[in-house]
Amino acid sequence: MTVEQRNRETALAVMKAIGEGDSASLFRMYAPNARFWQIGKHLKTAGWHDMESTGRMAAQVFARLASPPKMTILSTTAEGDRVALEAESHGRLIDGRPYENQYHFLLRFDADGKVVEFKEYLDTLYAFETLFDGKTDL
């Protein structure tokens, strides 16, 4: 198995864990010094975060969902230590409204196959208006 194949499999496992709300499995796939980055200027979740703050933010986001969002992977590209994924989420907020967003994820891996960077590009206006209810309280 090539490095690219291994990293692609791990990236898909990361997405599966997110879709199942399996944070224990998810964080085992990350290196201790891993970082999370999200695009945007108006969401408090935007920018770089260490894994501790990422875990807190993820818990707050998942608390707003009736269940973990199903992640549909549309395409993947693996090159060297990076895997890019195009994806869509399909879920419901606790008030019953749908939450369906579109994403581009870029994951970077260390030599041991652990995620060291997870970058998330999404429709931030949609997230702000639905998931965050127009508030920046995360």
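Tutor: Helices (H or I, at least four residues) and strands (E, at least two) are DSSP runs, numbered from the N terminus. The model is predicted: local features need pLDDT of at least 70, side-chain atom pairs count only at pLDDT 80 or more, and totals for chains, interfaces and linings use all residues. Residues are numbered from 1 along each chain as its sequence is written, and side-chain values use heavy atoms, leaving out hydrogens and water.

Now the pocket itself. A pocket is an open set of points on a 1 Å grid over the protein atoms alone, where a 1.4 Å probe fits, with protein on both sides within 12 Å along at least five of seven lines; lining residues have an atom within 4 Å of a point. The largest pocket holds about 640 Å³, a volume being the space filled by probe spheres set on the points, which are joined across faces, edges and corners. Its lining has 33 residues. Nearest the centre are Ile-18, Ala-58, Val-61, Phe-62 and Glu-120. Helix α3 gives the most, eight residues.

By type, 24 lining residues are nonpolar (Ala, Val, Leu, Ile, Met, Phe, Trp, Tyr, Cys and Pro). Seven are polar and two are charged; charged covers Asp, Glu, Lys and Arg, and polar the others, Gly among them.
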